[in-house]
Amino acid sequence: MRLDQELTCAQVVEIVTAYLEDALGDADRERVEEHLVFCDGCSTYLGQMRETIALTRRLEPEHIPSRLQDELLAAFRGWSPA
Ligand SMILES: [Zn+2]
């Protein structure tokens, strides 16, 4: 057992985006995968995240109402790189 290295659910949720983007190092990815083996809650959460990303990728610009598109573009223009 490596209790000191096990992730809590909160930690998994924090890094799940990096995990899905394959942005984690090998050790961190393994820790997430180990956690998912025994944690139904995080497995479900990850499944929902994957589904959301898949749906988002399928969303083409023409599916977005033009008024919403204008609002989104305006919001993105306000963003500055961190
Ligand atoms: Zn969990």
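Predicted model: local features only at pLDDT ≥ 70, side-chain atom pairs only at ≥ 80, totals over all residues.
Me: How far is R57 from D28 in space?

Reply: Keep sequence and space apart. R57 and D28 are 29 residues apart in sequence. Their C-alpha atoms are 26 Å apart in space.

Me: What does the same check give for α1?

Reply: The twelve residues of α1 should span 16 Å at 1.5 Å a residue. The end C-alpha atoms of α1 are 16 Å apart, which agrees.

Me: Next, helix packing. At what angle do α1 and α3 cross?

Reply: Two packed helices are described by the angle between their axes and the distance between the axes. Here the axes of α1 and α3 cross at roughly 30° and come within 11 Å. Angles under 35 degrees count as roughly parallel, so α1 and α3 are roughly parallel to each other. Their crossing is right-handed.

Me: Which residues of α1 and α3 meet?

Reply: Look for a repeat along the helix. An α-helix has 3.6 residues a turn, so residues three or four places apart point the same way. From α1 come C9, V12, V13, V16 and L20. From α3 come G41, C42, Y45, L46, M49, R50 and I53. By class, this contact has ten nonpolar, one polar and one charged residues.

Me: G41 is on that list. Is G41 buried or exposed?

Reply: Exposed: G41 has 11 other C-beta atoms within 10 Å. G41 belongs to helix α3. G41 and C9 are 32 residues apart in sequence, yet their C-alpha atoms are 8.2 Å apart.

Me: Now the pair α1 and α2. At what angle do they pack?

Reply: Read the angle and the axis distance together. α1 and α2 pack at about 120°, with their axes 11 Å apart. They are therefore oblique to each other. α1 passes α2 in a left-handed crossing.

Me: Which residues carry the contact of α1 with α2?

Reply: V12, I15 and Y19 in α1 meet D28, R29, V32 and H35 in α2. The classes are four nonpolar, one polar and two charged residues. V12 of α1 also takes part in the contact with α3.

Me: What is the phi of D22?

Reply: Phi is positive, about 60°, although D22 is not a glycine. This comes just after α1. D22 is exposed, with 7 other C-beta atoms within 10 Å.

Me: Last stop, helix α4. Is L72 buried or exposed?

Reply: L72 has 12 C-beta neighbours inside 10 Å, so L72 counts as exposed. L72 lies in helix α4 (residues 66-77). L72 and V12 are 60 residues apart in sequence and 29 Å apart, C-alpha to C-alpha.

Me: How many other C-beta atoms does L68 have within 10 Å?

Reply: L68 has 9, and is exposed. L68 also lies in α4. The C-alpha atoms of L68 and D40 are separated by 36 Å, with the two residues 28 apart along the chain.

Note on methods
Residues numbered from 1 in each chain as written. Buried ≥ 20, exposed ≤ 12 C-beta atoms within 10 Å, placed from the backbone. Helix = DSSP H or I, 4+ residues; strand = E, 2+ residues; numbered from the N terminus. Axes fitted to C-alpha atoms, helices over the stretch in contact; angles between N-to-C directions. Parallel < 35°, antiparallel > 145°, perpendicular 65-115°, else oblique. Left-handed = near helix turned anticlockwise from the far one by under 90°. Contact = placed C-beta atoms within 7 Å. Nonpolar A, V, L, I, M, F, W, Y, C, P; charged D, E, K, R; others polar. Expected span 1.5 Å × (residues − 1).
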